[in-house]
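Please look over the sequence and structure first.

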Amino acid sequence: MPFSQYEGTTREEKYRYQNGFNSYHESEAIDGALPIGANSPQKPPYGLYAEKLSGTAFTAPRHENQQTWLYRILPSCGHSNFEPRESSTYNTNPENKPYEKIHHIPNQLRWDPFDLDETVDWVHSLKLIAGAGDPTMKSGLGIYIFAAGKDMDEHEAFYSADGDFLIVLQHGVLDIRTELGRILVRPNEICVIPRGIKYRVTLPDGPVRGYILEIYQGHFQLPELGPIGSNCLANARDFQAPVADFDEDTSTEWHILCKFAGHLFQAKQNHTPFDVVAWHGLYYPYKYDLARFNTIGSISFDHPDPSIFTVLTAQSDHPGTAVADFVIFPPRWLVAEDTFRPPWYHRNTMSEFMGLIQGQYDAKTGGGFQPAGASLHNVMAGHGPDASTHEKASNAELKPMKVGEGSMAFMFESCLMVGVTEWGLKTCKKVQEGYNAESWEPLKPRFKKPEGKSVRGSGL
Ligand SMILES: O=C(O)Cc1cc(O)ccc1O
Ligand SMILES: [Fe+2]
């Protein structure tokens, strides 16, 4: 029987974390497993192998550089060749299969809640709904819906070579065992698994569902705070990274599944990938509880840009312009005076993909935007509150008001034009035909030309 550190422990005891965002962490499951003062001594402690995992180019500037040293029982390179798996069905990169169309659509789109699917595991639950760019060029992003009901096989691990996963859990609990340690993702929590890190997902509380933003370039950062100062929004200390844990299994056949350029590959090895006894570095998975977000807003008048709700951002090469921002709309007080409090009507050079974890989004009270559903307002697609929300908000008494109680909506906002996959547009059968008509056609002109005033220009 393989030796496990956790034999006989309860679920809670298995999860311990170290706190901090972009913090240099170190962790050892056995005292003395980390070499002191050197990364790659001639003989690392206890006969471990040293392996370096790079998340950025070696020469990336210090403030961007992300590398982690792993001290493990066997290095990762010992495995059979990767072979394609399910090559005719598994494709999360339509751009590199010309017969798989990706649709660029200027219309506003909205999806009914996505179904739970109890027949598949994590790896097979990933459905690309929208995306931009191409993982082979390390540029752009993919947006997935996941719905799974089965644990990954006991001796299976998965990694994406394509990018970093930001997992937004909508339903259930994810038990994620990573090479760097264990993470339990509970409702209202998110989790980031950087490119290349291997993990196995099991479902202790049954079926799970949610959304994933995969960024093919860069990594997630906390947004700049500018004049806000040194605190607020997501505070660094609330991000939790796992601690090292390992199994000592060098006799079982393991299958390593890999998403590479959107396709699935598999290799075999006769040792567990979860054999990291100690690690130190800046490249690691982490989770964050959205309830800890310190939400700020206007305390005088006018509706601020939603960038004040940014949890994490992945910047493009142009400062302030994000390949993707992860933005949330948590419960909060609205107090602005003489203000139309919901979002203004707008057209945005960025694309906006929205989802709802639970409750109701305060800009869409008309009923069509539901938990586990989604919407996409692509580059320059006009949108804003639906007619009923507009009516209510234009006439509401402007006393302090708590919105979003028990609710959590979110947005993946990108500077890129986002295309919708065949699955997203047709196969999933969730696109709402009447979205635009139901939301905004009921809006009536309210303009009253004032009598006795002269009109300049051609509006005579
Ligand atoms: O469209 C949306 O609902 C998201 C959004 C919210 C907001 O408060 C301001 C702009 C914006 O795009
Ligand atoms: Fe918007």
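The shell around ligand 1 is made up of four nonpolar residues, three polar ones and one charged one. Its members are P306, P343, H346, N348, E352, A363, H383 and M411. The model is predicted.

**Ligand shell**

**Six-stranded sheet**

- Six strands form an open sheet in the order β8-β28-β27-β30-β25-β24, and their pairing is antiparallel.
- β8 (109-111) and β24 (310-315) are the edge strands, each with pairing on one side only.
- From one strand to the next, the twist averages 15°.
- Within this sheet, seven bridges link β27 (residues 351-358) with β30 (residues 408-414) in the antiparallel sense.
- One of the facing pairs places S351 opposite S414 in β30.
- Strands of a sheet pair through backbone hydrogen bonds, in either a parallel or an antiparallel arrangement.

- Strand β18 (residues 239-242) is covered on both faces.
- F239 and A241 are buried on one side of β18, and Q240 and P242 are buried on the other.
- β18 runs antiparallel to strand β2 (residues 17-19), and three bridges join the two.
- Q18 has A241 in β18 as its bridge partner.
- β18 also pairs with strand β23 (residues 286-289), again in the antiparallel sense, over two bridges.
- In that pairing, F239 stands opposite Y288 in β23.

**Annotated domain**

- An unreviewed UniProt entry places the feature "domain: Homogentisate 1,2-dioxygenase C-terminal" at residues 292-446.
- The span of residues 292-446 is 14% helix and 27% strand, and its end C-alpha atoms lie 41 Å apart.

**Whole protein**

- The protein contains four helices and 31 strands.
- Of its 460 residues, 40% count as buried.
- Taken along the principal axes, the C-alpha atoms fill a box of roughly 90 × 50 × 45 Å.

Key
Residues numbered from 1 in each chain as written. Chains lettered and ligands numbered in written order. Predicted model: local features only at pLDDT ≥ 70, side-chain atom pairs only at ≥ 80, totals over all residues. Near = placed C-beta within 6 Å. Nonpolar A, V, L, I, M, F, W, Y, C, P; charged D, E, K, R; others polar. Pairing = 2+ DSSP bridges. Axes fitted to C-alpha atoms, helices over the stretch in contact; angles between N-to-C directions. UniProt positions renumbered as here; feature names shortened; annotations may be inferred. Buried ≥ 20, exposed ≤ 12 C-beta atoms within 10 Å, placed from the backbone.
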